[in-house]
Amino acid sequence: MDVLTQQDVQKFQDEGYLVLDGFLSPEECDALRERMSEMVDRMDVPEHCRIHFSTDHDEQLKTQGNADYFITSGDKIRFFFEKGVFDDKGEFIVPREHSLNKIGHALHAYEPLFKAVTHSPKVQNLGKKLGLINPVILQSMYIFKQPGIGGEVTPHQDATFLYTQPLGRVMGMWIALEDATLENGCLWFIPGSHSDGLTRRMVRTPKGTFPLTDFIGREKNYDDNLFIPVPVKKGGAVLIHGEVVHRSAANTSDASRHVYTFHIMESQNTVWSPENWLQPTEELPFPSLYT
C-alpha cells in the first residue's frame, strides 16, 4: 500500500511533522499492548531501584545506578519508572502496570511483534517515499503516560539526543496504541521549527566522570501560542522530524496513553556522533530498516 502521497511528503518537509491516520489496525495495537502487559508482569525490578535511602551516599549510588542503567540500555530492553512508585525498600506502592514511564531501547531488535511493526512493509514504503537510501533503526521505546501521574515532556528536539552530521538525518515514528487526546497528553508541535537549527545537545562526558551525560547549549523558552495540539486516534502515527520542536502535557485524565515509538536515521553519508548517549554495539549494530 502507498502510505505517503507527494503532498504528504511536502507537508512533512514544510511543517516538520505529519499525521498518518489508521497506520496500524486496532488489532495490531491490541497485540502490542498485550505483549507489553506480559512483559510488565514478568519484569525484574532493576537493582538500583532497590537501594535503601538512608544517606547521601546511597542517594548518589542510586542516581549513578540509574544513569548507568540508562546509558547502557541501547542494545537491551530495560524498565524506566515514574517517580514515587517505590517505597524506601524498593517495593511497589502502586500496581506494577501503573509504575512505568517507558521501556526501551531495543524492543525493535528483540521483541518479535515490535520488530515486525518496525520493519513492516508500511514503514519501509514510508522510507522509500521519503527518499531514504540506507535507513537504520536507532532505538525504540514503549511509552505509558500513566493516568494521573504521566508527567509532562517539556519542549525539545529529538536531535538533541540523537545528533548527526549533517543534521536532518533522523526522524521518529510515533504510533498511538490508544487514543492520544488533549486530556491524556497528546503531542504539541511548533510547525516549521525544524528549519531553525539545533539549540542544545546531550553528550557523553569523558570516561570516569559523573554525571555520565551533560548538555551543550540551552533549550530556548518557546512562546506557548506557537504550539499546535496534535490529537491522534488509536492506530494513528505521527512522523517527527529530528529538529522539530515538540512537547506533551502531563496526563491529568484517568486514561493511559500508550505509544510505540522508534527512530530512523539515513545512514548514507551521515556521521553518527560518538558523543551521543546511544551507541551501536557489537551485539546490536543499528539494523537496516529495509531488511
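This is a predicted model: local features need pLDDT of at least 70, side-chain atom pairs count only at pLDDT 80 or more; totals for chains, interfaces and linings use all residues.
Residues are numbered from 1 along each chain as its sequence is written, and side-chain values use heavy atoms, with hydrogens and water left out.

- As background, most peptide bonds are trans, and most residues other than glycine have a negative phi.
- Another cis peptide bond runs from Gln165 to Pro166, with omega near -10°; Pro166 is in the loop between strand E6 (164-165) and strand E7 (170-176).
- Lys145 isn't a glycine, yet its phi is positive, at about 45°. You'll find Lys145 in the loop between strand E4 (135-143) and strand E5 (153-156).
- With a relative accessible area of 4%, Lys145 is buried (buried means under 20%, exposed over 50%, partly exposed in between, using a 1.4 Å probe and protein chains only).
- Asn269 also has a positive phi without being a glycine, this time about 55°. It belongs to the loop between strand E14 (259-266) and strand E15 (271-272), and at 67% relative accessibility Asn269 counts as exposed.

**Around Val153**

- Val153 is in strand E5 and is partly exposed, at 36% relative accessible area.
- Not counting residues up to four places away in sequence, Val153 touches Lys145, Arg247 and Ser248, where contact means heavy atoms within 4.5 Å.
- Val153 and Ser248 are 95 residues apart in sequence, but their C-alpha atoms are 5.1 Å apart in space.

**Rings and charges**

- There are 14 aromatic pairs, counting rings of Phe, Tyr and Trp (its six-membered ring) with centres within 6.5 Å; planes under 30 degrees apart are stacked, over 60 edge-to-face, and the rest tilted.
- One of these pairs is Tyr260 with Phe262: the ring centres are 5.5 Å apart and the planes are at 40°, so the pair is tilted.
- Tyr260 is buried at 0% relative accessibility, and Phe262 is buried at 0% too.
- Tyr260 and Phe262 belong to one aromatic cluster with Phe114, Tyr142 and Phe144.
- The charged end of Arg247 sits over the ring of Phe227, 4.3 Å from its centre (the rule asks for NZ of Lys or CZ of Arg within 6 Å of the ring centre and within 35 degrees of the ring normal).
- Lys102 lies over the face of Phe80, at 5.4 Å from the ring centre.

**The second largest pocket**

- Its volume is about 330 Å³. On a 1 Å grid over the protein atoms alone, a pocket is an open set of points with protein on both sides within 12 Å along at least five of seven lines, and lining residues have an atom within 4 Å of a point. Points are joined across faces, edges and corners, and the volume is the space filled by probe spheres set on them, with a 1.4 Å probe.
- Of the 19 lining residues, the closest to the centre are Ile71, Thr72, Arg204, Lys207 and Trp277.
- The lining splits into 6 nonpolar, 8 polar and 5 charged residues. Here Ala, Val, Leu, Ile, Met, Phe, Trp, Tyr, Cys and Pro count as nonpolar, Asp, Glu, Lys and Arg as charged, and the others, Gly among them, as polar.

Terms used. Helices (H or I, at least four residues) and strands (E, at least two) are DSSP runs, numbered from the N terminus.
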